[in-house]
Amino acid sequence: MSLKYYTHGRRDQMKVALTFDDGPNPPRTDQVLQILESRGARGTFFVLGKWVDRFPQAFQRIVDGGHCVGNHSYLHEAHLGDFDRAEAAIGNLLGRPTQFLRAHYFNFFTCLYSPVAMSRDMKIVDADVNPADFAKTDPQAIVDATLNAPSLAGGSIVDLHDGREFDDAARRLTSPLPMIEALPAIVEGLQALGYALVGLDEMDLVDPIEWRPDGRGTFGSPEVREAIEGLGGKTT
Ligand SMILES: [Zn+2]
């Protein structure tokens, strides 16, 4: 058993996809929308089902803004069924299934056992530009890590975070601030390089990577790896 995931689109097109994980997180998500929309950019928001349930209007504003949304699980924990639970929350508001899914911590093990993740019409999407904005407090460092990434090219997918999985609201609202401060310079810098900032639904994803479950936990933190190793005993 294996799955395929994508890290980029066609390299011969001057398109970049900015992706935002772990929201909706009002009013931070709205600040992101304002920055994108005032500069003619679209984004893709990999939302958490638990935040869609708590902040349905914030989710609706993403959709109403014409942006792309994807499934990033319900609880952001290594529980089997988490993507399927999220799909119900997201799809009920969206009125259709999502087309894109991002595994939390880029760990693909739980995807293998999710009917939603493995459905034929779903694309599992990683990124090829990872500025680690969630771990940075200096906005300029986030700008530099994006615009100077060696992997940045046509078809790149950039992974940013407008929310967090934490239930602590203060932490969730504070965490994206450096990224939001960096975002105008990221958008304008990419546009100055000639890239159109598009949703994943406007990008032809190519060259998928095949992943097999004997590598599970490889991308996770020690805590997540431990949680995954405890799921249903060890298998190879
Ligand atoms: Zn996440």
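The largest nonpolar core in this predicted model has 58 residues, and those with the most contacts inside it are A17, L18, V47, I124, V158 and L197. Helix α8 (residues 177–192) gives the most to this core, with six residues. In soluble globular proteins, nonpolar side chains tend to be buried together.

**Overall form**

- The secondary structure of the protein consists of nine helices and nine strands.
- The C-alpha trace spans about 50 × 40 × 35 Å along its principal axes.
- A compact globule of 236 residues would have a radius of gyration near 18 Å, and the 17 Å of the protein agrees with this.
- Of the 236 residues, 44% count as buried.
- Among contacts between residues at least 6 apart in sequence, 77% join residues at least 24 apart.
- Leaving aside neighbours within four places in sequence, L197 is in contact with V16, L18, A41, R42, V187, L190 and Q191.

**Strand β2**

- Strand β2 covers residues 15–21, and seven of its seven residues are buried.
- In a regular strand the side chains alternate between the two faces of the sheet.
- On one side of β2 the buried residues are K15, A17, T19 and D21, and on the other they are V16, L18 and F20, which leaves both faces covered.
- Five bridges join β2 to strand β7 (residues 157–161), and the two run parallel. Within this pairing, F20 stands opposite L160.
- β2 also runs parallel to β3, joined by four bridges. Here L18 stands opposite G43.
- Two bridges join β2 to strand β8 (residues 196–197), again in parallel. The bridge partner of K15 in β8 is A196.
- β2, helix α1 (residues 28–37) and β3 make a right-handed β-α-β unit.

- Most residues other than glycine have a negative phi, and most peptide bonds are trans.
- D22 is not a glycine, but has a positive phi of about 80°. D22 lies in the loop between β2 and α1.
- Is D22 buried or exposed? D22 is buried, because 26 other C-beta atoms lie within 10 Å, and the cut-off for a buried residue is 20 or more.
- The peptide bond from G23 to P24 is cis, with omega near 0°. P24 is in the loop between β2 and α1.
- A cis peptide bond also joins P26 and P27, with omega about 0°. P27 is found in the loop between β2 and α1.
- A132, a residue other than glycine, has a positive phi near 50°. The loop that holds A132 runs between β6 (123–125) and α6 (139–147).
- A132 is exposed, because 12 other C-beta atoms lie within 10 Å, and a residue with 12 or fewer counts as exposed.

**Helix α4**

- Helix α4 (residues 82–94) has 13 residues and reaches 18 Å from its first C-alpha to its last. This is close to the 18 Å expected at 1.5 Å a residue.
- Which residues of α4 are buried? They are D82, F83, A86, E87, A89 and I90.
- These buried residues pack against β3 (43–47), α2 (49–54), β4 (68–71), β5 (100–101) and α5 (115–118).
- Just after α4, G95 takes a positive phi of about 85°.

Note on methods:
Residues numbered from 1 in each chain as written. Predicted model: local features only at pLDDT ≥ 70, side-chain atom pairs only at ≥ 80, totals over all residues. Expected span 1.5 Å × (residues − 1). Contact = placed C-beta atoms within 7 Å. Pairing = 2+ DSSP bridges. Right-handed = clockwise from strand over helix to strand, strands pointing away. Rg over C-alpha atoms; globule rule 2.2 N^0.38 Å. Core = buried A, V, L, I, M, F, W, Y, C linked by C-beta atoms within 7 Å.
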